[in-house]
Amino acid sequence: MTSLPQERRVVTAIPGPKSQELQARRLAAVAAGVGSVLPVFTARASGGIIEDVDGNRLIDFGSGIAVTSVGASAEAVVRRATAQLTDFTHTCFMVTPYEGYVEVAEALAELTPGDHAKKSALFNSGAEAVENAVKIARAYTKRQAVVVFDHGYHGRTNLTMALTAKNMPYKHGFGPFAPEVYRVPVAYGYRWPTGPENAGPEAAAQAVDQISKQVGADNVAAIIIEPVLGEGGFIEPAKGFLPAIRKFAADNGIVFVADEIQSGFCRTGQWFACEDEGIVPDLITTAKGIAGGLPLAAVTGRAEIMDAAHAGGLGGTYGGNPVACAGALGSIETMKELDLNARAKHIEAVMKARLTAMAEKYAHNDRFSIGDIRGRGAMIAIELVKDRTTKEPHPEATAALAKACHQEGLVVLTCGTYGNVLRFLPPLVIGDDLLNEGLDIIEQAFTSV
Ligand code: PLZ
């Protein structure tokens, strides 16, 4: 296990000379289509710190896109994965199974919402989990259509590109896309024309109307939604929206799928973000935070739906790899032991208080404003606009703020359909000192940009 001093340290320009050398090699050898937010090459990472090859220590407000919630080298993850590596690396669960896979499925049945009988199938990536949720829902309902939402993100494979809303960079030039995918409005409170208080019921009514009139409820196999939309801008659907859509699905025999790949596993201060409004999904997709950085994903749901796919219809060579399963068991153990849900809520309180003060302080900045502060737990974002009245998105200021943070040794990410959302996803184990220092850097960026 790596144990790094939990202190920021900037000793070179960022990126430093060794990172720049590696970046030159990388540009010659790695395809241009694979980008990096910050070309600082990692040497070690633990807790809230990423140490680069030049000896800089960066504060991590990204968690490798919401993955390393327990830290990037959590003791229990490393211990269990190492023991598993020594025992065996792979047999393929479809050839000769092993206990770790079953234990992960049991843990998922215990942790996901609802007390009905549940089953799981394990995969390698979030996109693969979402694809399989669609396969399962189609097998169960014997219907084809899939409904997704504005600003939704579900992956980069062919089917999940079709499910993802945003063209650039995810879909542009990569079509044709899978058929029978229909997109309907989501209750984006900040940008809802009649105001956030009307967004929930109005967006739900529009979505239901479009599904009923344009697709036909009887043709719909699945409705897939992120309970907090991630890449689309950390949009919490306005209250009442999710329950209304969930009810419409139940009333019409449609499989309701919560994509909790980014929002799940303590990220929002609950095991799953859909619990916030008491939603019990039929199927739930998980990945990212589940395994402390090892590649693992799952579809979990009602046993009768999960069992609808014929034997041999689901799977893959590596799905539920034993080392990744061991990592997941270590990650879940850590989340319980350290009560990371409580920790996420604490992070929310600290961040929102500081960001609210910053929004007021910089309200009269004539270059940009914080239009909205939102998110739950350690999934917090600010939406930047040119003007609070027109709400015109300000992607340039967002990029400049992110860059200013990077240069001071704080890893932050952007997101949003309009590229104007600065998002914060610290590891849940980050200490208060680092958290506040990160916020200081963000505040400094507001004055320097
Ligand atoms: N569903 C809700 O957030 C992955 C991807 C970033 P994979 N999000 C980060 C990028 O630019 O590729 C994600 C998600 C939700 C599905 C996925 C897909 O998960 O493990 O990346 O396939």
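Predicted model: local features only at pLDDT ≥ 70, side-chain atom pairs only at ≥ 80, totals over all residues.

Residues are numbered from 1 along each chain as its sequence is written, and side-chain values use heavy atoms, with hydrogens and water left out.

**Entry 1**

I looked up Gln84 and found it in helix H3, which covers residues 75–87; helices (H or I, at least four residues) and strands (E, at least two) are DSSP runs, numbered from the N terminus. Is Gln84 buried or exposed? Its relative accessible area is 15%, so I recorded Gln84 as buried, where buried means under 20% relative accessible area, exposed over 50% and partly exposed in between, with a 1.4 Å probe and protein chains only. Leaving aside residues up to four places away in sequence, I noted that Gln84 touches Pro322, Val323 and Ala326.

I then turned to the two helices and found that the axes of H3 and helix H10 (residues 322–337) come within 7 Å and cross at roughly 155°, which makes H3 roughly antiparallel to H10. Axes here are lines fitted to C-alpha atoms, for helices over the stretch in contact, and angles run from 0 to 180 degrees between N-to-C directions; angles under 35 degrees count as roughly parallel, over 145 as roughly antiparallel, 65 to 115 as roughly perpendicular and the rest as oblique. I logged the crossing of H3 and H10 as right-handed; a crossing has that hand if the near helix is turned clockwise from the far one by less than a right angle, and is left-handed if anticlockwise.

On the H3 side the residues in contact include Ala76, Val77, Arg80 and Gln84, and on the H10 side they include Pro322, Val323, Ala326 and Gly330. By class I wrote down eight nonpolar, five polar and three charged residues for the contact of H3 with H10, with Ala, Val, Leu, Ile, Met, Phe, Trp, Tyr, Cys and Pro taken as nonpolar, Asp, Glu, Lys and Arg as charged, and the others, Gly among them, as polar.

**Entry 2: Thr286**

Beyond residues up to four places away in sequence, Thr286 touches Leu108, Ala129, Ile261, Phe265, Phe272, Ala297 and Ala298.

**Entry 3: backbone**

Most residues other than glycine have a negative phi, and most peptide bonds are trans. I noted a cis peptide bond between Met168 and Pro169, with omega about 5°, and another cis peptide bond between Gly175 and Pro176, again with omega about 5°. Pro169 lies in the loop between helix H6 (158–163) and strand S6 (181–184), and Pro176 is likewise found in the loop between H6 and S6.

Cys266 is not a glycine, yet I read a positive phi of about 75° for it; Cys266 sits in the loop between strand S8 (255–259) and S9, and counts as buried at 0% relative accessibility. Asp339 also has a positive phi, of about 45°, although it is not a glycine; I placed Asp339 in the loop between H10 and helix H11 (340–361), where it counts as partly exposed at 42% relative accessibility.

**Entry 4: H11 with H13**

The axes of H11 and helix H13 (residues 432–448) come within 11 Å and cross at roughly 20°, which makes H11 roughly parallel to H13. I logged this crossing of H11 and H13 as right-handed, and by class the contact of H11 with H13 has nine nonpolar, two polar and six charged residues.

**Entry 5: rings**

How many aromatic pairs does the structure hold? I recorded eleven, where rings of Phe, Tyr and Trp (its six-membered ring) pair if their centres lie within 6.5 Å, and planes under 30 degrees apart count as stacked, over 60 as edge-to-face and the rest as tilted. Tyr98 and Tyr101 form an edge-to-face pair, 6.5 Å centre to centre with 70° between the planes, and Tyr98 and Tyr101 are both buried.

Note on methods: Contact = heavy atoms within 4.5 Å.
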